[in-house]
Every structure is written in C-alpha cells, then in structure tokens.
Amino acid sequence: MTDNTRYATDWLTIPDLVELLDEAHGRVRRLLDEQYLVGTRRDGILKVPSVFIVDGRPLASLRGTIIVLHDAGFDSDEIIDWLLSPEETIGMPPIEALLAGRKSEVRRVAATLA
C-alpha cells in the first residue's frame with residue numbers, strides 16, 4: 001500500500017448488515033446509533049465499510065475509536081476517511097492497526113486530532 005492509497009474495502013448496506021450480522025433491522029440501526037458502527041451515504045444509500053465487520057460482529061475496538069473521533073469533532077464521513085486513509089504517525093491506515101490489535105495507539109493518535 002502506498003502512502004496515499006485508501007484501505008480497500010467493500011461497502012455494506014443495511015440489508016447486507018442484517019444478513020451478515022444475523023440481526024434484526026432495528027438492532028443494526030442501534031449499532032449505528034450507538035456508534036458500534038459508522039456509515040456514510042454513498043449513491044444516496046447508507047453504507048458501512050465491510051472491513052468494520054470481523055467474524056460476523058462489529059470490530060470490538062471500533063466503537064471507542066469512533067467515539068474519540070466524534071468527540072474530536074469528526075462527522076461520519078470524516079471518521080470513515082480517517083480510519084481508511086494512511087496515518088503517518090501509525091505507519092498504516094488506522095483500521096489496519098485496529099485489526100492488528102493496536103487499539104491504544106490508534107486512540108492515542110485520534111485523541112490528538114481535536
């Protein structure tokens with residue numbers, strides 16, 4: 001991955017998430033409302049990056065990171081962009097670091113963005 005390349009991911013709609021997570025529509029909406037997941041409108045449809053789902057569940061370290069970024073003033077689009085874009089201080093896109101178990105480092109960097 002080059003320094004200016006976004007992390008490649010597929011995008012999931014709410015119906016995709018209902019099927020993938022094996023949860024009711026309302027429960028999937030709550031996961032978004034309670035910041036376990038973050039989505040953005042693409043072509044007028046709310047979608048979530050598929051990389052945010054691991055083993056049929058939202059990535060466990062994602063929620064706290066979303067909250068830190070939201071508290072720093074980021075909107076949903078900015079949160080997704082930051083998570084998927086290379087971050088110089090981490091040496092990789094933050095989502096890649098979260099997937100590697102580097103939650104504390106990612107949140108420490110996110111907290112400096114306020």
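Arg57 and Glu23 form a salt bridge, with their closest N and O atoms 3.0 Å apart. Arg57 sits in strand β5 (residues 57-58) and Glu23 in the loop between α1 (14-21) and α2 (25-33), so the pair ties together parts that are 34 residues apart in sequence. This is a predicted model.

**Salt bridges**

- The count of salt bridges comes to 3.
- Side chains of opposite charge can pair when their charged atoms come close.
- In the Arg57–Glu23 pair, Arg57 is partly exposed, at 35% relative accessible area.
- Asp81 pairs with Arg6, and their closest N and O atoms are 2.5 Å apart.
- Asp81 belongs to helix α4 (residues 76-84), while Arg6 lies in the segment before β1 (11-13), so this bridge ties together parts that are 75 residues apart in sequence.
- Asp81 is partly exposed at 36% relative accessibility, and Arg6 is partly exposed at 35%.
- Arg102 and Glu105 also meet through their side chains in a salt bridge, at 2.7 Å from N to O.
- Arg102 is partly exposed, with a relative accessible area of 26%.

**Nonpolar core**

- The largest nonpolar core holds 34 residues.
- Within this core, Leu17, Leu37, Phe52, Leu62, Trp82, Leu83 and Ile95 touch the most other members.
- At least two core residues come from each of β1, α1, α2, β3 (45-49), α3 (62-71), α4, α5 (94-99) and α6 (103-111).
- Helix α4 gives the most to the core, with 5 residues.
- Ile95 shows who meets whom: leaving aside neighbours within four places in sequence, Ile95 is in contact with Tyr7, Val51, Phe52, Leu59, Leu62, Leu83 and Leu84.
- Among these contacts of Ile95 are Phe52, Leu62 and Leu83, which are also listed with Ile95 as residues that touch the most other core members.

**Helix α6**

- The buried residues of α6 are Val106, Val109 and Ala110.
- Seen down the helix axis, the buried residues of α6 fall within an arc of 100°, so they line one face of the helix.
- That buried set packs against α3, α4 and α5.
- Ser104 and Arg108 are exposed on the other side of α6.

- Thr40 is found in strand β2 (residues 40-42).
- Thr40 has a relative accessible area of 9%, so it counts as buried, the cut-off being under 20%.
- Beyond its neighbours within four places in sequence, Thr40 is in contact with Trp11, Ile45, Leu46, Lys47, Asp77 and Ile80.
- Ser61 lies in the loop between β5 and α3.
- Ser61 is buried too, at 9% relative accessibility.
- Setting aside its neighbours within four places in sequence, Ser61 is in contact with Leu98, Lys103 and Arg107.

Methods: Residues are numbered from 1 along each chain as its sequence is written. This is a predicted model: local features need pLDDT of at least 70, side-chain atom pairs count only at pLDDT 80 or more; totals for chains, interfaces and linings use all residues. Side-chain values use heavy atoms; hydrogens and water are left out. Helices (H or I, at least four residues) and strands (E, at least two) are DSSP runs, numbered from the N terminus. Buried means under 20% relative accessible area, exposed over 50%, partly exposed in between (1.4 Å probe, protein chains only). Contact means heavy atoms within 4.5 Å. A salt bridge is a side-chain nitrogen of Lys or Arg within 4 Å of a carboxyl oxygen of Asp or Glu. A nonpolar core is a set of buried Ala, Val, Leu, Ile, Met, Phe, Trp, Tyr and Cys residues joined through side-chain atoms within 4.5 Å. The arc is that of the directions from the helix axis to the C-beta atoms.
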